[in-house]
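Me: I am new to reading protein structures. Could you walk me through one, feature by feature?

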Amino acid sequence: MNKIISSADADAYLARIGVARPAVPDLAALRELHLRHLHAVPFENLSIHLGEEIVLDPAALVAKVTGGRGGFCYELNGAFAALLDALGYRVTLLAARVMGPEGLFGPPFDHLALQVRTADSAEPWLVDVGFGRNSHYPLRFDERGEQADPAGPFRLAETADGDLDLLREGDVQYRLERRPRELADFEGGCWWHRTSPKSLFTKAVICSRLTSTGRVTLSDRTLVTTGATGRQELPLTEEEILPAFRDRFGIALDRAPQVRRIPEEQVMP
């Protein structure tokens, strides 16, 4: 990638996730950046339900993060790729297809993940800050054995077609291509996810981030927290929605996102 964000933009990004600028783009710094990003920047689809445009431009994605918002995979990993590039990491964008609840993979360019090379390691790393319950730290891209992580055991397995399946606790999460991609390649997938009635993102408001004890998620009007004491669900009133976004996720909104149901006959499959 060509460097497309300024030093000031990178510093603002680092301030958002609470990390000092690394002296060297090494693995230790990458691990810290990855974990802090998951804690600070929510996975959210609020733009879809606020009627906001989603622009897959690196500068625009970084501005969204430094402005206090998050995004879904194309936005989060697209912005993080720009930051890593500015810090001296070598970043490659990769396309993936997510395994759905029915046991079928989603459409092409369903997901964006990153392959990252550091200054102190000959091997590449799988980096992904835009996929729900994913690993807390980067995974060894060329390792085929089980990799331990606070989120559980992960493994990358070869497929017959030369792709890679990412498995968590033995279950396939997504199928990753190895061909380098450009951010523009994901515009069709992004459009599908924000317009199709078959997309999970058009069906509900989602905002979620990792915490020191588990995870906090706002799903439509229910606040879900998981941690050492288990899972708690708390229905929220309309008056509690905006304070929850502000206090739990650091997102200041002037109106609550509302799901707009899309009739299937209005959208191409």
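**Reading the model**

Reply: Helices here are DSSP runs of H or I with at least four residues, strands are runs of E with at least two, and both are numbered from the N terminus. Please keep in mind that this is a predicted model, where local features need pLDDT of at least 70, side-chain atom pairs count only at pLDDT 80 or more, and totals for chains, interfaces and linings use all residues. Residues are numbered from 1 along each chain as its sequence is written, and side-chain values use heavy atoms, with hydrogens and water left out.

Me: Is Glu239 buried or exposed?

Reply: Buried means under 20% relative accessible area, exposed means over 50%, and partly exposed is in between (1.4 Å probe, protein chains only). Glu239 has a relative accessible area of 64%, so it counts as exposed. Its C-alpha atom is separated by 9.5 Å from that of Ala256, 17 residues apart along the chain.

Me: What share of the 269 residues of the protein counts as buried?

Reply: That share is 52%. The protein has eight helices and twelve strands.

Me: How do I read the way two helices meet, such as α1 and α2?

Reply: The axes of α1 (residues 7-17) and α2 (residues 27-40) come within 8 Å and cross at roughly 70°. Angles under 35 degrees count as roughly parallel, over 145 as roughly antiparallel, 65 to 115 as roughly perpendicular and the rest as oblique. So α1 is roughly perpendicular to α2.

Me: Which residues make the contact?

Reply: Contact means heavy atoms within 4.5 Å. Helix α1 contributes Tyr13, Leu14, Arg16 and Ile17, while α2 contributes Leu33, Arg36, His37 and Ala40.

Me: What does phi tell me about a residue?

Reply: Most residues other than glycine have a negative phi. In this model, Phe109 has a positive phi of about 60° although it is not a glycine. Phe109 is found in the loop between β2 (90-98) and β3 (111-117). Asp220 is another residue other than glycine with a positive phi, near 55°.

Me: Where is Asp220 found, and how accessible is Asp220?

Reply: Asp220 is found in the loop between β10 (215-219) and β11 (222-227). Its relative accessibility is 27%, so Asp220 counts as partly exposed.

Terms used:
Axes are lines fitted to C-alpha atoms, for helices over the stretch in contact, and angles run from 0 to 180 degrees between N-to-C directions.
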